[in-house]
Amino acid sequence: MLLPLATEPFVAPSDRDMLPSERRAFVRTHRTCVFGYRRKKDGPGMSVVYYIPTDDDELLVSTMAERGKSRVIARDGKVSLCVLDENWPFAYLQVYANAVIDDDPELVCDVMMAVAGRMSGQALPEEARAYVDAMRVAEQRVVVRCRPYETFAQPPRHLHRNDQEEQITHWVSATVPWDAPDPA
């Protein structure tokens with residue numbers, strides 16, 4: 001089941017690393033990310049996309065079957081999603097995932113409807129489904145199903161003044177398994 005758009009995105013703590021449960025909450029309550037994948041040549045491919053979280057922790061991305069994302073996933077199912085905070089100062093959370101392409105028409109249309117809702121900030125009415133489905137066919141849309149296995153968090157940092165009186169601190173974050181429990 002697709003999760004609805006959260007009314008309030010999770011706010012990352014600015015004084016410590018996020019707990020594993022907070023990392024999952026951060027991903028579930030935001031809506032945009034930089035989608036990255038390995039290319040045969042050159043550097044990684046990256047694009048800013050909306051994603052839809054599911055109740056079983058998949059992250060779904062709509063794309064066209066002929067786009068690079070789809071072609072690369074067929075040969076290499078490893079992707080990363082750099083989830084972007086919607087608050088300033090912003091944090092980000094890197095999600096490493098295994099990905100597959102799904103061309104189920106109903107799922108593709110559901111994801112496209114959900115993406116449109118995230119883009120506009122409100123759910124599309126059911127009457128729009130026929131239009132969205134026609135777009136799915138015309139654009140040969142598919143869904144990238146991303147199954148997270150690890151995360152890496154970057155806390156929010158900000159200079160409130162340019163006089164350096166407030167000391168900015170940094171700490172080392174770590175890659176954490178997606179389903180890791182919080183420390184006791």
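The model is a predicted one, in which local features need pLDDT of at least 70, side-chain atom pairs count only at pLDDT 80 or more, and totals for chains, interfaces and linings use all residues. Residues are numbered from 1 along each chain as its sequence is written, and side-chain values use heavy atoms, with hydrogens and water left out.

D57 is not a glycine, yet its phi is positive, at about 70°. Its relative accessibility of 16% makes D57 buried, where buried means under 20% relative accessible area, exposed over 50% and partly exposed in between, with a 1.4 Å probe and protein chains only.

A positive phi turns up in another loop too. D42 lies between β1 and β2, and its phi is near 65°, again in a residue other than glycine. D42 counts as exposed, at 68% relative accessibility. The side chain of D42 also meets that of R39 in a salt bridge, with 3.2 Å from N to O; the term stands for a side-chain nitrogen of Lys or Arg within 4 Å of a carboxyl oxygen of Asp or Glu. R39 is partly exposed, with a relative accessible area of 40%. Elsewhere, salt bridges with shared partners link D56, E58, D102, R145 and R147 into one network.

Side chains of opposite charge can pair when their charged atoms come close. By the rule used here, the count is 14 salt bridges. E22 and R16 are joined by a salt bridge of 2.8 Å, N to O; E22 is buried at 13% relative accessibility, while R16 is partly exposed at 34%. D17 pairs with R23, and their closest N and O atoms are 3.1 Å apart. Here R23 is buried, with a relative accessible area of 1%, and D17 is partly exposed, at 24%.

Helix α1 itself spans residues 20-29 and is mostly covered, with 7 of its 10 residues buried. Those residues are P20, E22, R23, R24, F26, V27 and T29. Follow them inward and you will find that they pack against β4 (59-64), β5 (78-84), β6 (92-102), β7 (141-154) and β8 (175-177), contact being taken as heavy atoms within 4.5 Å.

Now turn to helix α2, residues 68-75, where G68, K69, S70, V72 and I73 are buried. The buried residues of α2 pack against β1, β2, β4, β5, β6 and β7.

K40, K41, R71 and R75 form a positive patch. Patches take residues with over 30% relative accessible area and no salt bridge, joining like charges within 9 Å and nonpolar side chains (Val, Leu, Ile, Met, Phe, Trp, Tyr) within 5 Å. Lys and Arg count as positive, and Asp and Glu as negative, while His and the chain ends are not counted. One member, K40, belongs to the loop between β1 (32-37) and β2 (45-50). K40 is exposed, at 71% relative accessibility.

Notes:
Helix = DSSP H or I, 4+ residues; strand = E, 2+ residues; numbered from the N terminus. Areas by Shrake-Rupley, 256 points an atom, 1.4 Å probe, with all protein chains shown as cover. Charge placed at Lys NZ, Arg CZ, Asp CG, Glu CD.
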